[in-house]
Amino acid sequence: MQDEYRTVARAGVHETEINRSRFLCALASAATEQEAQDFIASVRKEHADATHNCWAYVIGADASVQKASDDGEPGGTAGVPMLQMLLRREMRYVVAVVTRYYGGVKLGAGGLIRAYGGAVGEALDALGTLTRRRFRLATVTVDHQRAGKVQNDLHATGREVRDVRYGEAVSIEIGLPDADVDAFRGWLADATAGTAEFELGGEAYGDA
């Protein structure tokens, strides 16, 4: 698994004009291929009168799913440069749709490649990106007397508390970088006089 990946910070649209043609790049995060396709369909519906709605998406932290469409532009001049821009920026779990309203001036193959790839690059710059890092899920179980202090200490040391469940004892779910697991075990034993239970879970990604 990838240790980290980048994705778009927020969904949005960035518009640019080239030789009287309008290029609107809509970007959004997409956890699955279905989400990406649903987003593409919604943009197509919104801009049904556009000359083209070209798209590209990358799903998976390791970029395992990569797809693109020229939507009627000359082959390889729209979807592929869009996809290449996403990959060059190391973007993952992201979908881009560039809507073109033709302005009457032909751009030629080179011009189209620059326009579509550039529209994605400009939109990424405008909307911003964020890095998500892989971590291990872990559960700390402590008695009610110590739970408050442990939670405060976790926040104070910058640990991400993902969930807290109250039962006979208190279970606190946290996220830890792999490299920190051993040091955290030691810290927890000291902080709770060895009374806390610590259980490692699966892997997930969180904001870096």
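Me: Which residues does UniProt list for "domain: Impact N-terminal"?

Reply: The unreviewed UniProt entry lists residues 20-124; positions follow the numbering used here, feature names are shortened, and annotations may be inferred rather than shown by experiment. The span is 39% helix and 29% strand, with its end C-alpha atoms 22 Å apart. Helices (H or I, at least four residues) and strands (E, at least two) are DSSP runs, numbered from the N terminus. Bear in mind that this is a predicted model, where local features need pLDDT of at least 70, side-chain atom pairs count only at pLDDT 80 or more, and totals for chains, interfaces and linings use all residues. Residues are numbered from 1 along each chain as its sequence is written, and side-chain values use heavy atoms, with hydrogens and water left out.

Me: What makes phenylalanine 23 and tyrosine 116 an aromatic pair that is edge-to-face?

Reply: Rings of Phe, Tyr and Trp (its six-membered ring) pair if their centres lie within 6.5 Å; planes under 30 degrees apart are stacked, over 60 edge-to-face, and the rest tilted. A search of the whole structure finds five aromatic pairs. For phenylalanine 23 and tyrosine 116 the values are 5.2 Å centre to centre and 90 degrees between the planes, so edge-to-face it is. Phenylalanine 23 sits in strand 3 (residues 21-29) and tyrosine 116 in helix 3 (residues 108-127), 93 residues apart.

Me: Why is phenylalanine 23 called buried?

Reply: Buried means under 20% relative accessible area, exposed over 50%, partly exposed in between (1.4 Å probe, protein chains only). Phenylalanine 23 has 0% relative accessibility, so it counts as buried. Tyrosine 116, also at 0%, counts as buried.

Me: Why is the pair of phenylalanine 184 and phenylalanine 198 called tilted?

Reply: Their ring centres are 5.5 Å apart and their planes are at 45 degrees, so the pair is tilted. Phenylalanine 184 belongs to helix 5 (residues 181-191) and phenylalanine 198 to strand 10 (residues 197-207). Phenylalanine 198 counts as buried at 18% relative accessibility. Ring pairs link Phe184, Trp187 and Phe198 into a cluster.

Me: What makes a set of residues a nonpolar core?

Reply: The members are buried Ala, Val, Leu, Ile, Met, Phe, Trp, Tyr and Cys residues, joined through side-chain atoms within 4.5 Å. The largest one here has 26 residues, and Val98 and Tyr116 are among those with the most contacts inside it. Helix 3 gives the most to this core, with eight residues. A second, separate core of 15 residues includes Phe198.
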